[in-house]
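The following questions and answers examine a protein chain. Please consult the sequence and the structure while reading them.

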Amino acid sequence: MDRKIAILGAFIVISLCLMSSEKQQVEAAPGKGYLDPASTNYILQPPNITTGQERFFCLARGRCHFIFLTCPKECPLRKPPLSQTNVKACFADCSSRCETTCKHRIPNCNGYGSVCYDPRFVGGYGVMFYFHGANGGDFALVSDDRFQINVHFIGTRPEGRKRDFTWVQALSVMFDSHTLVIAARKVAKWDDHFDALSVNWNGKEIIVPTEGDAEWHDGEEAVAVVERTGLVNSAKITILNGLIQMDVKVVPITEEDDKMHGYNIPQGDAFAHLETQFRFGNLTEHVEGILGQTYRPGYVSPVKRGVAMPMMGGEDRYRTLSLLSTNCASCRFQRPITFTEEKSVPLKLAQA
């Protein structure tokens with residue numbers, strides 16, 4: 001009997017020690033909590049001493065709670081060297097998937113939530129469609145209770161054509177009283193070594209470093225994080241701990257694209273534009289926007305299936321007064337009452 005009591009006592013002591021250790025690890029992660037988006041709710045651990053594979057301690061509730069995940073040997077690092085853009089990175093998912101996977105850190109233009117080309121969208125249910133808008137126009141991409149994302153189009157209209165060819169030159173992410181603008185600078189001739197990516201936070205241009213973690217964030221709370229995924233022209237943006245995540249890349253219209261599609265791009269402009277892919281953490285069932293509407297539960301796309309270029313309408317519903325305006329016929333997001341818009345600064349910087 002005494003032996004059983006001793007064994008039980010030892011078991012209780014060991015359990016309490018483990019719980020204390022786990023509690024210390026959780027408390028060592030400032031800004032992390034049980035209610036953070038599950039997929040990225042983890043504490044980075046020291047890498048495996050022998051293999052260099054990075055590890056994660058998951059905080060998310062559910063089956064992955066307090067589980068250690070390790071990067072695969074094929075992609076041992078979360079952040080490969082910026083010069084190695086073709087090397088896959090390790091992504092940890094502490095949600096119910098409870099896994100690590102290898103992925104490229106650039107937009108997948110065939111993946112859900114992508115906006116690429118002239119411009120082609122892949123919606124929340126995987127339905128592909130086009131939305132041309134207008135050259136110089138601004139439209140709400142996603143508008144929900146907590147944020148709004150607008151896009152600014154550039155374009156050209158060859159003689160005899162009834163509609164503009166358009167591309168996304170800039171996007172704005174508006175939440176609370178903050179504004180993040182990501183844009184492609186105007187470039188006369190494309191150079192793979194020139195950084196045409198412009199980042200603007202609350203009306204001021206910021207420089208994202210290429211050394212160390214190669215990331216910028218707004219302060220201790222880190223409500224906005226911009227991380228380079230290449231030495232130039234590509235980045236990953238995270239807003240509000242994963243409420244919004246996006247991969248962004250600046251690309252030009254190549255001579256091959258120009259000839260193939262008959263864009264007739266004028267001389268002296270590479271028409272640098274954005275390719276993007278979005279992931280959202282917690283959208284409401286009433287979300288609006290060109291892309292946002294496709295994430296509603298039970299959404300049925302109105303575009304024609306089986307045609308080469310299925311077109312999505314809605315220019316009248318989603319056109320905004322500017323890149324920084326939250327007003328449109330179907331927009332849901334509203335700024336705080338005390339907020340005052342500064343309309344022109346980010347676009348001027350983006351086209352410098």
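Q: Is C331 buried or exposed?
A: The model is predicted, and the answer rests on its computed accessibility. A residue counts as buried under 20% relative accessible area. C331 has a relative accessibility of 19%, so C331 is buried.

Q: Which cysteine forms a disulfide with C331, and which hand does the link have?
A: The sulfur atoms of C328 and C331 lie 2.0 Å apart, and the two residues form a disulfide. C328 is itself buried, at 17% relative accessibility. The torsion about the S-S bond is 110°. The partner is thus C328, and the link of C328 and C331 is right-handed.

Q: How many disulfides does a search of the whole structure find?
A: With bonded cysteines counted along the chain, the disulfides follow the pattern 1-6, 2-7, 3-5, 4-8, 9-10, 11-12. A search of the whole structure gives a total of six.

Q: Why is the disulfide of C75 and C102 left-handed?
A: The hand follows from the torsion about the S-S bond of C75 and C102. The disulfide is left-handed because this torsion is about -85°.

Q: What is the torsion about the S-S bond of C109 and C116?
A: A disulfide joins C109 to C116, with an S to S distance of 2.2 Å. Both C109 and C116 are buried. Their link is left-handed, and the torsion about the S-S bond is -80°.

Q: Which residue of β19 is the bridge partner of S114?
A: Strand β6 (residues 114–116) runs antiparallel to β19, and two bridges join them. In β19, S114 has as its bridge partner Q277.

Q: Which residue of β19 is the bridge partner of K249?
A: Strand β18 (residues 244–251) also runs antiparallel to β19, joined to β19 by eight bridges. Strand β19 (residues 273–280) is mostly covered, with seven of its eight residues buried. The bridge partner of K249 in β19 is E275.

Q: Which are the edge strands of the open sheet of six strands?
A: The strand order in this open sheet is β9-β10-β11-β12-β13-β14, and the pairing is antiparallel. An edge strand pairs on one side only. The edge strands are β9 (138–143) and β14 (204–205).

Q: Which residue of β13 is the bridge partner of I182?
A: Strands β12 (residues 178–184) and β13 (residues 197–201) are antiparallel, with five bridges between them. In β13, the bridge partner of I182 is V199.

Q: What share of the contacts with a separation of 6 or more comes from residues 24 or more positions apart?
A: The chain has four helices and 19 strands, and buried residues make up 48% of its 352 residues. Among contacts with a separation of 6 or more, the share from residues 24 or more positions apart is 54%.

Terms used:
Residues numbered from 1 in each chain as written. Predicted model: local features only at pLDDT ≥ 70, side-chain atom pairs only at ≥ 80, totals over all residues. Heavy atoms only, no water. Pairing = 2+ DSSP bridges. Disulfide = S-S within 2.5 Å. Buried < 20%, exposed > 50% of the residue type's maximum accessible area, 1.4 Å probe, protein only. Contact = heavy atoms within 4.5 Å.
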